[in-house]
Amino acid sequence: MAKLKLTYFDFHGGRGEPARLALSVGGIAFEDDRVPLTDWERRKADTLYGALPVLEVDGQTLAQSNAINRYVGKLTDLYPTDPWQAALCDEVMEAVEDIINKLVATFNLPEEQKKAQRQALAEGPITFYLTRLQERLEEHGGRYFAADRLSVADLKVFIWIRQLRSGVLDHLPTDLPDRVAPKLMDHYERVKNDPGVKAYYAKRGVAA
Ligand SMILES: N[C@@H](CCC(=O)N[C@@H](CS)C(=O)NCC(=O)O)C(=O)O
């Protein structure tokens, strides 16, 4: 088995968390390199595109979160082998990237502007993406986003919704997913109660 090192920030969530979670759920050993935010400026120049996550595989580097998710999904049997189901899995992961990018654009705004833009995002694009993801879930059987079984797409949606509900993003109502996408919340609970997901959070001493 290749030697894996996954580097990402030292918090529970974000673009690197699905791969960390997938490797843990799949029982694949990896070096979990968690970068404190205070070290980032020093380490940024050493990364391929000046951003995290990055995955090292036997000393070779892979960047871009969804490329990493697909790769670790294949290692852990959390990525569909059927080409169409794999494409559905990809679609959902890219959709989550789109909405994450809209949120990231608010991170460094002055407080009043951030508040206004986040409120507008909550009423517009976030509600829209939650609704559309819920529709896609239902179109594909209602349990999982692809191949009727857990995949990296489910983990990525779960982690995004976990972040929305956590309150770490100021000015976003934490009950928004529950209000606008109840069936997506059933999916959230399904993923949260997966034994591998539960074990991951229990080991880190945080609520799933
Ligand atoms: N398209 C990239 C985006 C990576 C990215 O922007 N990562 C953020 C953390 S989620 C980052 O490294 N931010 C710090 C910086 O840009 O200096 C991916 O999907 O991996």
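Which residues do ring pairs link into a cluster? In this predicted model, the cluster joined by ring pairs consists of Tyr8, Phe9, Phe11 and Trp40, and the structure as a whole holds 8 aromatic pairs.

**Aromatic pairs**
- Tyrosine 8 and phenylalanine 11 form an edge-to-face aromatic pair, with 5.7 Å from centre to centre and an angle of 75° between the planes.
- Phenylalanine 11 also pairs with phenylalanine 9, and here the arrangement is stacked, with the centres 6.0 Å apart and 10° between the planes.

**Accessibility of the paired residues**
- Tyrosine 8 has a relative accessible area of 5% and is therefore buried, and phenylalanine 9, with a relative accessible area of 11%, is likewise buried.
- Phenylalanine 11, the residue that takes part in both the edge-to-face pair and the stacked pair, is partly exposed, its relative accessible area being 35%.

**A charge over a ring**
- The charged end of arginine 165 is positioned over the ring of tyrosine 188, at 4.9 Å from the centre of that ring.

**Threonine 127 in its helix**
- Threonine 127 lies in helix H5, which spans residues 111-139, and counts as buried because its relative accessibility is 19%, where buried means under 20%.
- When neighbours within four places in sequence are left aside, the residues in contact with threonine 127 are Leu121, Ala122, Leu176 and Val180.

How values were computed. Residues are numbered from 1 along each chain as its sequence is written. This is a predicted model: local features need pLDDT of at least 70, side-chain atom pairs count only at pLDDT 80 or more; totals for chains, interfaces and linings use all residues. Side-chain values use heavy atoms; hydrogens and water are left out. Rings of Phe, Tyr and Trp (its six-membered ring) pair if their centres lie within 6.5 Å; planes under 30 degrees apart count as stacked, over 60 as edge-to-face and the rest as tilted. Buried means under 20% relative accessible area, exposed over 50%, partly exposed in between (1.4 Å probe, protein chains only). A charge sits over a ring if NZ of Lys or CZ of Arg is within 6 Å of the ring centre and within 35 degrees of the ring normal. Helices (H or I, at least four residues) and strands (E, at least two) are DSSP runs, numbered from the N terminus. Contact means heavy atoms within 4.5 Å.
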